[in-house]
Amino acid sequence: MLASRAHLAKQAAAMLVRQPACLMHHGGDWGNWGNTNVAVVFSGCGWWDGTDIHEAAYTMYHLSRNGARFQIFAPNQQQMHVMDHMKMQPSSSDNRNMMMESARFSHGQGTMQMNDLSKLDVSSFDAVIFPGGHGIVKNLSTFSKDGKDCKLNNDVERIMKDFHRARKPIGLSSMAPLLACRVLPNLEVTMGYERDESSRWGRWPNTTMVQAVKSMGARHNTREPYEAYVDEKNKVISTPTFMWETDYHYHYIFDGIGNMVKHVMRMTAK
């Protein structure tokens, strides 16, 4: 018995030695490795006052997985306020710059440096993606104060219109469809459910934003957190992500962003 176990152990060791030190990933579904350049726009760092960290990280992961190069941008301006993410209320003692806060997502070298949003030129990119978070409604727009009549950050409005005019894909997560629907006509988007249909899996606490995009003239389509909706005509791809509130099922958010990114990449290949 002991001899048999020793023999099996030797065989297993021999097999491990023969394995390559690392396995090269050869491509995603749509990646044309290194030939697709995507701009990703942040609005700070943190769900309650900037860009959600999960949506940001998942977006960059799926872009990398599908063979895209990407550069990250944020407005070089002060954010609306800083939230205490433990108490979920504003911290009166802090005033921070969106670009400096968003730089937390970067590695600070080469193309992974944080860039000033005012320098984003549509001619240098094949697509743009806006991850979600309350920075969408507080920093990139005045939606938190003005609702459906909100104004967009000047560079955000310019970028939305420039990419749409150039027929280049626009990817939107969570609350970000608000930005596109405010300045682009006749869009079809998803922000999840239209009513807060609570279940043991999660709930939909931000459905008033759905009514806002409908009042802006957009058509809303109900989708699950792991799905994306594709407006083929306008090349706008949206996914609900954290419009859905969940305690545990973050893999649905991961999958939803993955579906959005794949469609963005598909459209850049046309």
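Is Trp 244 buried or exposed? At 5% relative accessibility, Trp 244 counts as buried (under 20% relative accessible area, with exposed over 50% and partly exposed in between, using a 1.4 Å probe and protein chains only).

1. This is a predicted model, in which local features need pLDDT of at least 70, side-chain atom pairs count only at pLDDT 80 or more, and totals for chains, interfaces and linings use all residues. Residues are numbered from 1 along each chain as its sequence is written, and side-chain values use heavy atoms, without hydrogens and water.

2. The chain contains 9 helices and 11 strands (DSSP runs numbered from the N terminus: helices are H or I with at least four residues, strands are E with at least two). Of its 270 residues, 51% are buried.

3. The structure holds 8 aromatic pairs (ring centres of Phe, Tyr and Trp, the last by its six-membered ring, within 6.5 Å; planes under 30 degrees apart are stacked, over 60 edge-to-face and the rest tilted). Among them, Tyr 226 and Tyr 252 form a tilted pair, with 5.2 Å centre to centre and 50° between the planes. Tyr 226 lies in the loop between strand 9 (219–222) and strand 10 (229–231) and Tyr 252 in helix 9 (residues 250–268), so the pair ties together parts that are 26 residues apart in sequence.

4. Tyr 226 is partly exposed at a relative accessible area of 35%, and Tyr 252 is partly exposed at 27%. Tyr 252 also forms a tilted aromatic pair with Trp 244, at 5.8 Å centre to centre and 45° between the planes.

5. One aromatic cluster is formed by Tyr 58, Tyr 61 and Phe 254.
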